[in-house]
Amino acid sequence: MHDVRVCYLDEREQLVSAAPADLVGVAVEERRPPSEPVAFHGRPGKLSDCWCATTKGHVVCGSLRRRRVALELDFDPEIAWIGGEPVELHWEGAQGRRRWRPDFVVRTVTGARQVVLVEPEKRGPRWREDLEVTRHVAVAAGWQVSVRQVPEGVRLANLEWAADYRQAVPVAAAEREAVVGAFRRERPIGEGARASGVPYVAALDLVYRLVWQHRLEIDWDRPLMPRAMAWRAGGAA
């Protein structure tokens, strides 16, 4: 690879083409994509945004696979900000000029920046080149690189279920603590909701909200239904 450049929008939303080392300390994760987003790896498809509780706004996702990874990023308590396709990499590759957009750039709660790539369904020469260039940029910019698998199966279903409760709503502190207290020991979600003393439907909704907030833990290999087991985060008494 040769002549690697990184395109992004600056604070005035002007397009910038910079050397990788010039991105040290630049909050690219807070920027919009440098141009209109494209479908995942150039494939045709409907583009969509994903509303994320982490950013309190929409994150660009070029495919359903990206959207599912964005959901998992949103659930990750170590991530403080998520940016969808905020940079575009340009370089001279083995087959001529190339350009490619990493899926996400995120900022962790420690302030570290991380390029998040969605693992492709099939790894080939182009993917290996994309990954090599991304790692080259990351080293120069002081970023980390993370390749994420797309959640699927029961884990995906549970994430989507819990994500329905990710938007902040007013909840009485007494009700919240009563529901958390009902899960001092591991027990079925429905049983704990009834034992909390909070009206059952409201308690059940609150359980799912607390799962999203990491205050209640579950077995992610089992469907998130009222019969599923849950317990207070940090261990059941």
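How many residues lie between β6 and β7 in their hairpin? Two residues separate the strands there. Before you go and look, a word on the model: it is predicted, local features need pLDDT of at least 70, side-chain atom pairs count only at pLDDT 80 or more, and totals for chains, interfaces and linings use all residues. Residues are numbered from 1 along each chain as its sequence is written, and side-chain values use heavy atoms, with hydrogens and water left out.

Stop 1: Select 88–93 for strand β6 and 96–100 for strand β7; they pair in the antiparallel sense over five bridges. Strands here are DSSP E runs of at least two residues, helices are H or I runs of at least four, and both are numbered from the N terminus. Pairing requires that DSSP finds at least two bridges between the strands. Now click L89: its bridge partner in β7 is W100.

**Stop 2: helix α2.** Next, select 125–141. These 17 residues reach 24 Å from first C-alpha to last, close to the 24 Å expected at 1.5 Å a residue (the expected span is 1.5 Å times one less than the number of residues). Colour the buried residues, among them W127, L131 and V137; buried means under 20% relative accessible area, exposed over 50%, and partly exposed in between, with a 1.4 Å probe and protein chains only. The buried residues of α2 pack against β6 and β7 from the previous stop, and also against β1 (2–9), β9 (113–118) and β10 (144–148).

**Stop 3: helix α4.** Select 173–181 and pick out V179, V180 and G181, the buried residues of this helix. Their cover includes α6, β12 (216–218) and β13 (229–232).

**Stop 4: P223.** Stay with β12 and β13, and find P223 in the loop between them. Leaving aside neighbours within four places in sequence, P223 is in contact (heavy atoms within 4.5 Å) with V154, N158 and A228.

**Stop 5: a pocket.** Finish with R166, Q167, A168, W212 and Q213, which lie nearest the centre of the second largest pocket, out of 19 lining residues. Helix α6 (200–212) gives the largest share of that lining, four residues. The lining divides into ten nonpolar, four polar and five charged residues, where Ala, Val, Leu, Ile, Met, Phe, Trp, Tyr, Cys and Pro count as nonpolar, Asp, Glu, Lys and Arg as charged, and the others, Gly among them, as polar. A pocket is an open set of points on a 1 Å grid over the protein atoms alone, where a 1.4 Å probe fits, with protein on both sides within 12 Å along at least five of seven lines; lining residues have an atom within 4 Å of a point.
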